[in-house]
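Hi,

Here is the structure I promised to pass on. Have a look at it first, and then read my notes below.

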Amino acid sequence: MFWLVSETKTLKSVLLGDSLRSWLACKKKIMGSIELSEEKTYTQPRKSSLPSWKLTAREILATKTQNYFAQTKRSKNVLMQMAFSIGLGSVWRFPYLCHRNGGGNFILMYFFMLCLFGIPLLYMEMIMGHWLRVDNIRVWKQLVPWLGGIGYASILVCILISLYHSVIITWSISYLGNSFDNSLPWNQCPPVKTINVTDLSCLRTVSHQYFWYHSTLSASGHIEEGVEALVLQLTLGIFAAWCILFLIMITGLKTSVLILVFTVFLPCIILLCFLIQSLFLEGAIASLRHMVATELSAWASLDLWRQAGGHVLYSLGLGMGTTINFSSYKAGEDNYIQVASLMALVNLGTSLLVTSIIFIVLGFWATTSGPTCVEKSVSKLMKLIKRGVLPQDAKPPEDILLLPPLDYLEWVSHLPQHLQNQIIRFSPSCSIKAQKGKFMEGPGLAFAAFSQAVSLFPGASFWAILFFLILVITGLNTLIRILESITYPLQNSISIFRRYPKLLSVFVCLGGFLGSLIFTSHAGSYVMSLFDDCLVPLTLIIIVAFQNMALAWIYGARRVREEIFGDLGRLLWSFLTVLWCYVTLPGLLALTTISLMQLYQTEPPYYIAWNSSMSQEVKQPYLQGTLSWVTFLSVLAFLPIPIYPLQHWWYLQDHIASDPFEKLQSKKMPLVPPKPWPKHGMKSQEGNKDSSSKRRSLSLTRGLNLNSWRRFSLPLSSQSSSWFSLPIMNSLSTLSTRSFSLPVSRQVSPALTPIDNSDQHVKTKDENQQGNSVP
């Protein structure tokens with residue numbers, strides 16, 4: 001007995017010793033792994049002799065460096081969005097719309113719609129891109145699969161916008177090329193070989209307007225004339241523009257912070273210099289007063305509402321997919337309501353700055369036209385005669401200033417040919433003819449006005465080169481963002497473009513160049529007005545209305561608010577969700593109705609054309625054949641929205657039609673349980689942390705008829721993210737599965753989330769084996 005007790009104690013000591021030794025060995029391994037991880041973390045091994053404050057300083061330095069790079073990324077993202085907001089919409093489009101609609105009336109209406117429509121919808125696109133982290137096509141396939149065609153419609157609209165945006169860059173390139181002359185060509189009439197005895201049109205208007213229509217555009221009289229003939233210099237310019245865009249796309253140039261600062265702040269500085277210089281012109285204060293003057297009766301104009309609402313969407317890039325795509329792949333966390341408000345504020349400030357300069361120039365033209373221009377011309381002629389530049393025969397009559405301005409033109413027309421040429425060449429840049437109406441209302445207003453503003457500076461050629469170079473860079477920056485909205489989603493959707501991205505760039509740039517040739521014809525500026533005034537605003541309004549309806553009402557604004565709080569840890573401002581549901585959507589539907597009424601009313605819309613015989617702009621109505629092209633292109637842009645669900649419905653019918661044959665085969669063949677779907681969707685991406693979400697998704701789908709699921713569903717390799725792949729009776733139920741499957745993986749559509757049916761298959765297999773064993 002004593003021997004048994006002693007042996008037991010010895011065994012216990014041995015076991016305790018072994019356990020102690022094993023514990024010490026495990027401790028040694030753990031400490032070794034910790035030291036190894038610390039050596040990998042720090043470039044130099046930690047030493048016990050180092051004081052603790054040095055290690056704290058290293059950690060502080062690393063934290064500061066990390067915060068610095070994060071802040072740099074945020075600043076770069078904000079600057080990129082600001083550069084897009086200071087685009088052609090602010091510098092080129094806003095001024096002539098404001099001038100056409102009476103100045104202050106349009107400004108007040110634009111500000112009103114910017115606050116109620118622009119900022120909430122811009123915030124909606126920003127938060128959607130950051131939340132789902134997918135491109136503009138896949139974001140709607142995930143939220144509302146049967147409206148997955150919205151992304152494709154946005155791509156078609158971007159194609160239409162890119163076509164006529166390229167011709168605006170071409171106009172800037174043309175002015176940039178003419179800026180290298182010592183004497184700017186738009187400051188006086190063109191060479192006299194183009195003017196005969198009876199044609200004194202250059203003296204009837206300002207030389208800047210004449211240069212725009214005759215030298216730059218070679219414009220025809222109406223939109224149906226000269227479409228088949230191309231202007232050589234514009235064709236070469238648009239070829240150069242698309243070549244530059246192609247080089248940028250294939251090289252993938254990275255935009256640095258310095259270039260962004262140059263793109264954002266330098267245009268504002270130059271525009272501010274132009275404004276200060278323009279304030280010294282005649283009639284500057286009166287022009288600014290006219291710009292801010294408002295009439296409440298003008299708010300009854302439906303066309304004013306249509307143009308202001310359309311420009312809000314156009315200037316902020318809403319409905320184009322640019323904001324969603326940019327927010328999906330950019331790094332850093334931002335307060336998007338502040339970013340959206342900042343973009344809107346920068347856009348409005350730049351637009352008002354440019355519009356102020358243009359209104360001052362227009363006021364200067366109106367002040368110096370008529371009798372004032374005749375006085376300037378006579379004074380200049382007398383000085384040239386005294387200096388011996390002109391002969392005495394060019395001296396005007398003494399009572400010429402007492403006669404009407406048109407009598408001065410009649411006197412010039414009776415002079416010999418060589419004297420006419422010299423007088424026209426040295427005439428000042430003002431209009432002899434008294435202008436009762438507006439000088440310019442067309443899309444070339446910004447180019448003509450800024451060519452006048454540039455001429456006011458000493459060393460005008462340098463300022464002209466600098467300004468039009470910035471205008472070219474601004475146009476390229478805007479167009480690159482639009483082309484990204486075309487190429488980025490297509491690369492993610494089409495495998496061949498993903499493998500060969502340069503091939504897509506070739507197709508986009510070649511197709512863009514060929515499609516833009518219509519705008520380089522003699523009637524190209526009128527066709528561009530048709531696109532810009534009638535086609536693009538209508539399509540943008542309808543697309544944004546579909547987006548707003550899909551998010552706020554079909555998917556549900558409340559559900560979006562809850563899921564964003566669960567995924568991103570931030571709570572949306574409830575006031576914005578109220579605006580999405582009850583303000584922006586009814587407003588967009590009202591704008592759609594107004595746009596359709598303005599397009600198909602009894603009195604057709606008009607465009608601004610150039611009448612060379614009268615030397616002034618005239619309003620020409622669009623013909624019905626021209627408006628039919630607007631209808632055709634609008635329907636073409638919206639085709640993806642109904643075609644996308646019809647396509648999946650057609651595939652569903654094919655699988656239903658093949659179902660009876662499957663039933664016949666199942667009767668002849670023994671029942672073999674199908675293989676479970678591969679588990680590559682949820683488990684491989686998120687791991688164990690998403691097991692609770694997976695269980696909720698499984699519990700939701702266990703009520704479905706699994707046999708009908710396997711029978712009617714499409715193959716998994718088709719990757720079609722649509723609820724039409726489900727059985728008809730259960731298709732609507734998947735609209736609610738998004739709330740369970742989206743937090744798990746934002747890259748996979750809810751309809752494609754694989755369901756783990758392995759337990760069900762095992763159970764079926766066991767039941768079959770038991771059934772076969774029973775005699």
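Let me start with a definition: two rings of Phe, Tyr or Trp (for Trp, its six-membered ring) count as a pair if their centres lie within 6.5 Å, and the pair is stacked with planes under 30 degrees apart, edge-to-face over 60 and tilted for the rest. Searching the whole structure that way turns up 38 aromatic pairs. Take W92 and Y96: the ring centres are 5.8 Å apart and the planes stand at 55°, so this pair is tilted.

Before going further, a word on the ground rules. This is a predicted model, so local features need pLDDT of at least 70 and side-chain atom pairs count only at pLDDT 80 or more, while totals for chains, interfaces and linings use all residues. Residues are numbered from 1 along each chain as its sequence is written, and side-chain values use heavy atoms, with hydrogens and water left out.

W92 and Y96 both belong to helix α3 (residues 88-100), where they are 4 residues apart, about one turn of the helix. Helices (H or I, at least four residues) and strands (E, at least two) are DSSP runs, numbered from the N terminus. W92 has a relative accessible area of 2%, so W92 is buried. Y96 is at 4% relative accessibility, so Y96 counts as buried.

Y213 and W610 make a stacked aromatic pair, with 4.7 Å from centre to centre and 10° between the planes. That pair links distant parts of the chain, since Y213 is in helix α8 (residues 207-217) and W610 is in strand β1 (residues 606-611), 397 residues apart. Both Y213 and W610 are buried.

Some rings have a charge over them (NZ of Lys or CZ of Arg within 6 Å of the ring centre and within 35 degrees of the ring normal). R93 has its charged end over the ring of Y314, 4.6 Å from the centre. Over the face of Y555 you will find R559, at 4.6 Å from the ring centre.

Now the interior. A nonpolar core here is a set of buried Ala, Val, Leu, Ile, Met, Phe, Trp, Tyr and Cys residues joined through side-chain atoms within 4.5 Å. The largest one has 168 residues, and L143 and W171 have the most contacts inside it. Helix α22 (residues 524-568) gives the largest share of this core, 22 residues. What does W171 touch, not counting residues up to four places away in sequence? The list is W92, W212, L217, L234, F447, S525 and M528, where contact means heavy atoms within 4.5 Å.

On to the cysteines. There are 2 disulfides in the structure, a disulfide being a pair of cysteine sulfur atoms within 2.5 Å. C189 and C202 form one, with sulfur atoms 1.9 Å apart. Their link is left-handed, at -100° about the S-S bond. C189 sits in the loop between α6 (150-178) and α7 (201-204) and C202 in helix α7, so the pair ties together parts that are 13 residues apart in sequence.

Another disulfide joins C373 to C430, S to S 1.9 Å. The torsion about that S-S bond is about 80°, so the disulfide of C373 and C430 is right-handed. C373 lies in helix α15 (residues 371-386) and C430 in the loop between α17 (417-426) and α18 (445-455), so this pair ties together parts 57 residues apart in sequence. C373 and C430 are both buried.

Finally, some overall numbers. The protein chain has 31 helices and 2 strands. Of its 775 residues, 49% are buried.

Cheers

Conventions:
Buried means under 20% relative accessible area, exposed over 50%, partly exposed in between (1.4 Å probe, protein chains only).
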